[in-house]
Amino acid sequence: MMTQLHLIPVSLGESPTNKWLPQEAQAMASKINVYIAENAKTARAFLKLIGTVKPIQEITIHTLSNKTTPQEMREWLKAPDSEGNIGLVSEAGCPAVADPGALVVYEAHKLNIQVIPWVGPSSILLGVMASGLDGQRFAFHGYAPVQTQERAKQLQQWENTSAKLKQTQLLIETPYRNMAMFQTLLDTLKPSTRLCIARALTTEQEWIKTHTIAEWKKQPAPDLDKQATLFLFLA
């Protein structure tokens, strides 16, 4: 029996499961009894949401952190459930996309384990799709520096790269600092640069708008406080 590593997407926020995860993926996730997760608490909440064949307390969940060694990952991958399955989940969205789960997937390939990606939400792809910005060339940077001067300098560098390569730039921020990031983008980027705000994707609070910096400055700021938000811009 060949071991299979199933890459199972989880929700981006509170939303009915049938809106973001196909029924077949839910069925597979519900019967897997060994998981690798960035956060065990989040993984258990996901499993409770979709329902499991076995009681959740009987499901093994290995916690992946920056201290996890390749050897530990290999040991986890060599111990699938009785059906030969292991699940990999992120804290939100697709595992292994802008996510440390990629390290587990690489180890799986080295062990000749079959890797199966399941369809589900990726804030990065959903944001690019809905932005109207360049969807053929884009780069996700994660977080910008926290310090004001360093942040502004980094945003300017990304804007220069965007103009040179015609490449959409994507970044995120800690939700309680979203409004500060929005203001920094307005203060730093050029008036003609197009900025997309993609808030609370796939939830009832979803809100997506693209304007130039000059246009954003002429209207009230959006409510982004404490809500998962993706920022995209194209110079």
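1. A pocket, on a 1 Å grid over the protein atoms alone, is an open set of points where a 1.4 Å probe fits, with protein on both sides within 12 Å along at least five of seven lines; its lining residues have an atom within 4 Å of a point. A volume is the space filled by probe spheres set on the points, which are joined across faces, edges and corners.

2. The model is predicted: local features need pLDDT of at least 70, side-chain atom pairs count only at pLDDT 80 or more, and totals for chains, interfaces and linings use all residues. Residues are numbered from 1 along each chain as its sequence is written, and side-chain values use heavy atoms, leaving out hydrogens and water.

3. The largest pocket has a volume of about 660 Å³. It is lined by 27 residues, of which Leu12, Ala92, Ser123, Tyr143 and Ile172 are the closest to its centre. Strand E6 (138–143) gives the largest share of this lining, three residues; strands (E, at least two residues) and helices (H or I, at least four) are DSSP runs, numbered from the N terminus.

4. The lining of the largest pocket has 16 nonpolar, seven polar and four charged residues. Here Ala, Val, Leu, Ile, Met, Phe, Trp, Tyr, Cys and Pro count as nonpolar, Asp, Glu, Lys and Arg as charged, and the others, Gly among them, as polar.

5. The second largest pocket holds about 220 Å³ of space. Among its lining residues are Trp20, Phe46 and Glu91, and helix H3 (residues 40–50) supplies the largest share, four residues. By class, this lining has six nonpolar, two polar and one charged.
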